[in-house]
Amino acid sequence: MALEQEPILRVEKVSKRFPGVQALKDVDFEVYPGEVVALLGENGAGKSTLMKILAGAYHKDVGTLFLRGQEIQPQSTAESQQLGIATIYQEFTLTLNQTVAANIFMAREPRYGGILAPFQLVKIRQMERDAQELLDVVGARVLPGALVENLSVAERQQVEIAKALAVDAQVIIMDEPTSALGSDETEKLFDIIRNLRERGLSIIFITHRLEEVFEVTDRIIVLRDGERVGTLDAARTDVDEIIHLMVGRELKSIFAKEYADIGETILKVEGLTRRGVIEDVSFELRHGEILGFAGLVGAGRTETMNVIFGADHKDAGHIWIKGEEVNITSPEKAVELGLGLVPEDRTNRGLVLELSVLLNMMLPTLKKFARFGWMDRRGARRSAEDYVERLSVRTPSMEQTVKNLSGGNQQKVVLAKWLMLNPQVLIMDEPTRGIDVGAKSEIHSLMCDMAKQGIGIIMISSEMPEVMAMSDRIVVMHEGRVAAILDQADATQERIMAYASGQATLGANGNLKEGQVV
Amino acid sequence: MTEKAVPEQLSRRESFEAASRKWGRSIISGQEIGVFIVLMVMVLYLSFKTDTFTTSQNIRNITLSFSWIAIAAFGQTLVIITAGIDLSTGSVMGLSGLAAAYFISGDKSPWAEEVIRNGREALGVDGQYVPVALLAGCAMGMFLGALNGVLIAWANLPPFIATLGMMSVARGFCYGWTEGWPFRQLNDEFREIGQGDLAVLGYDIPYPTVLMLVLVVIMTIFLTRTIWGYRIYALGGNEQAAELSGINIRQVKLLAYSLAGLLAGFGGTLMTARLGVAAPTAANGYELDVIAAVFIGGASVKGGKGTMVGTLIGAAIMQVLRNGLNLLGYDPYWQPAAIGFTIILAIMFDQARQSPQVAAFLHRLLGRAEASMRSAG
């Protein structure tokens with residue numbers, strides 16, 4: 001058909017102002033039927049605001065929204081869904097205590113009619129049949145009657161997509177859908193997205209992993225400071241051009257690794273086992289080294305760190321710090337021994353969101369600045385201010401509530417908090433997840449600085465380019481075991497994937513045997 | 001009969017079996033089996049240890065005296081599944097009982113009575129105030145419950161605070177309205193609901209027990225089969241998710257608290273009929289028994305979990321415990337301590353069940369039991 005297609009969803013000159021900040025300024029935006037559009041921009045560029053306006057969670061100040069040429073004014077998320085715009089948030093909107101079918105048809109369960117109508121009885125069997133059909137469309141291998149709490153993250157996401165299909169969505173907005181997925185699960189998600197595109201659905205895709213946009217998207221729309229700064233054809237652009245548009249300046253490379261001098265072994269782990277979770281994990285970490293941990297989600301990387309840090313008890317294995325065997329029974333003990341843990345879940349486990357920057361930073365150091373239980377407030381404050389400056393945390397004041405900082409700055413507060421303790425070993429679990437490019441490269445250079453000071457760093461990351469660029473050596477885990485330990489020079493994306501997915505294993509004599517299908 | 005052949009879809013038979021298994025599981029989930037076994041062990045122990053436990057009079061007394069606790073606890077279950085709590089249950093039961101008694105008490109001559117009497121004479125059903133009393137009790141309960149719901153859903157008060165206030169307000173009205181004196185001389189037909197029996201297959205079953213059993217069926221259907229039940233579970237599972245999916249959160253909360261009030265009111269009315277007098281101090285402290293029954297029955301403090309059958313068993317366990325301590329000759333003053341221990345143990349058991357290791361162990365245990373049952377059958 002040679003006809004110029006009408007956009008299914010069109011946004012015209014939309015602006016939104018929050019107290020003190022113009023979040024969106026005259027933004028135009030359009031999606032065509034059967035198209036995947038990537039919406040990119042740094043944190044604070046206005047992506048989320050725009051998406052929330054489309055989803056009905058926020059109201060625009062000025063501007064117009066058109067769906068299939070008709071003006072719409074969604075007042076609530078429910079209304080927006082009814083119109084055919086479904087949103088899949090980073091935090092899934094599923095209830096763990098209910099079945100897959102009940103979740104897919106939440107608030108629109110099929111019910112019996114006729115004389116039974118006043119009783120609002122749910123047609124459970126029909127609901128499960130319909131759910132099965134939608135799950136088949138998505139290609140999810142889960143039973144409609146299964147409880148959501150028993151599903152993996154990737155499966156939950158598939159249920160979430162099926163839920164969007166159940167409201168007969170024409171436009172599906174996905175907010176960082178890959179941030180919680182491992183690489184092969186991401187591939188599967190992309191297959192689903194391509195499948196949906198073939199069915200004529202339109203998808204708006206938000207991500208911080210730039211390499212992904214080339215895989216599935218047709219067009220790329222870039223926002224900066226609340227304005228649309230460019231539209232790119234995914235087939236005819238590259239990462240550099242996108243970054244240039246996003247940050248408005250040239251960034252030489254996303255991953256600027258600086259090599260530190262690598263010294264003695266500082267942490268040695270041997271035969272670490274926690275039944276049913278991790279099995280016989282051994283590795284060494286040296287001064288000044290960044291040791292990357294790669295693997296699929298659920299491979300046992302986070303669990304390993306929890307055991308080392310004393311948050312979970314071990315069933316077997318030994319840990320040495322600076323050649324001395326230690327028995328770490330609690331996180332408190334781990335901190336005393338010079339270990340620090342920057343957890344994966346920044347907002348729940350890394351920070352107390354309702355407290356100020358200052359108080360958050362003081363939490364692990366309370367002992368250090370206390371004399372007989374009495375806080376040396378001035379000393380603590382001076383030290384905290386020092387670190388805020390060194391890490392260039394952008395906060396209006398030390399009293400600012402952490403909740404109001406951007407993701408990148410929150411992560412820096414977590415880092416600063418641990419650096420105040422002068423740790424020997426710093427474990428970082430997904431240190432740059434959900435952080436924009438600019439803040440990401442700042443975190444990376446901070447990591448290199450720390451390594452130069454002789455700190456041993458363990459970095460868990462599900463982002464392959466990050467692991468490959470930043471690590472001196474890479475531990476690849478598969479199903480709770482160490483599948484391989486590779487030098488940076490030997491590591492290729494293919495090799496890491498092969499080990500991570502169990503396609504290759506260590507031979508009996510410790511030599512690498514590749515290509516062996518398990 | 002031609003059936004569309006759809007590959008990878010469950011056959012009708014399989015899906016029916018899966019559905020019925022799930023239906024069974026939704027009624028009797030892990031914890032219910034646990035508490036049911038506990039109840040059975042207690043019953044068996046007491047029937048061997050004492051001569052009096054298994055007499056039909058004693059069984060009748062037990063089922064009668066936990067019936068109104070259980071009925072109020074059905075409502076409390078709804079609230080606790082939404083991750084809320086209703087502390088006002090005891091006071092609501094008391095005030096509802098007074099409201100019911102007000103219309104039929106011989107020593108009161110309210111203006112309403114005249115109106116009703118005239119109306120009833122016109123209908124030719126003179127002298128029977130039972131439906132009026134029942135209606136008044138339930139309406140009072142529902143009204144107070146709805147107030148709780150409004151305070152929680154619209155004024156955004158935490159459930160603990162809103163119902164703590166209501167607990168005191170309702171109790172205050174009990175004292176103020178009666179000036180401290182009970183409503184007496186309740187009419188015989190009304191007392192019959194609480195004291196009479198229904199003859200079923202040669203057994204005399206007290207009316208409150210019958211009503212409790214009818215309600216457990218109705219409430220189970222309500223909770224597991226209607227859209228309202230789905231919404232209540234969704235709200236307790238993930239409030240934000242429920243809201244983003246288009247569920248009217250406030251409406252669901254209002255419903256849960258109103259029904260909790262209604263059922264507490266009904267329970268209070270039955271209790272009043274049983275006692276034959278409506279005292280302002282009636283049902284004082286019952287909220288603890290009611291809440292305990294729900295938690296012993298397997299509901300989660302975090303919301304999202306709980307069933308009516310579990311609650312019924314929970315209420316039964318507490319009454320059997322009380323009765324058993326009596327029959328074994330312990331001083332009744334020790335009863336609260338025993339009840340308290342039971343509650344703490346039940347919650348500890350629930351938390352242990354949630355740890356993955358214990359869950360895996362239970363799974364193996366149940367799986368083995370299921371396998372041996374299958375091979376035996």
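Predicted model: local features only at pLDDT ≥ 70, side-chain atom pairs only at ≥ 80, totals over all residues.
Residues are numbered from 1 along each chain as its sequence is written, while chains are lettered from A and ligands numbered from 1 in the order in which they are written.

Helices here are DSSP runs (H or I, at least four residues), as strands are (E, at least two), numbered from the N terminus. Nonpolar covers Ala, Val, Leu, Ile, Met, Phe, Trp, Tyr, Cys and Pro, charged covers Asp, Glu, Lys and Arg, and the others, Gly among them, are polar.

Next, move to where the chains meet. Chain B brings 25 residues to the contact and chain A brings 24 residues. Colour helix H1 (12-27), H10 and helix H11 (239-244) of chain B, each of which supplies at least two residues of the side that touches chain A. H10(B) gives the most, with seven residues.

Helix H9 (residues 207-225) of chain B packs against H10(B) (residues 227-237) at about 65°, with axes 5 Å apart. Axes are lines fitted to C-alpha atoms, for helices over the stretch in contact, and angles run from 0 to 180 degrees between N-to-C directions. H9(B) is therefore roughly perpendicular to H10(B), the label for 65 to 115 degrees. Show B:Phe222, B:Leu223, B:Thr224 and B:Arg225 of H9(B) with B:Trp228, B:Gly229 and B:Ile232 of H10(B) to see the contact.

Now bring in H12(B), whose axis lies 10 Å from that of H10(B) at an angle of about 105°. This pair is also roughly perpendicular. Here B:Trp228, B:Arg231, B:Ile232 and B:Leu235 of H10(B) meet B:Ile249, B:Val252, B:Leu255 and B:Ala256 of H12(B). By class, seven residues of this contact are nonpolar, no residues are polar and one is charged.

Follow H12(B) along residues 249-275: its 27 residues reach 39 Å from first C-alpha to last, close to the 39 Å expected at 1.5 Å a residue (1.5 Å times one less than the number of residues). The helix is largely enclosed by the rest of the structure, because 22 of its 27 residues are buried; buried asks for 20 or more other C-beta atoms within 10 Å of a residue's own, the C-beta atoms being placed from the backbone. Just past H12(B), B:Gly276 has a positive phi of about 75°.

Finally, pick B:Ile291, found in helix H13 (residues 286-296) of chain B. B:Ile291 has 24 C-beta neighbours inside 10 Å and so counts as buried. Beyond its neighbours within four places in sequence, B:Ile291 is in contact with B:Gln76 and B:Ile85.

How values were computed. Buried ≥ 20, exposed ≤ 12 C-beta atoms within 10 Å, placed from the backbone. Parallel < 35°, antiparallel > 145°, perpendicular 65-115°, else oblique. Contact = placed C-beta atoms within 7 Å.
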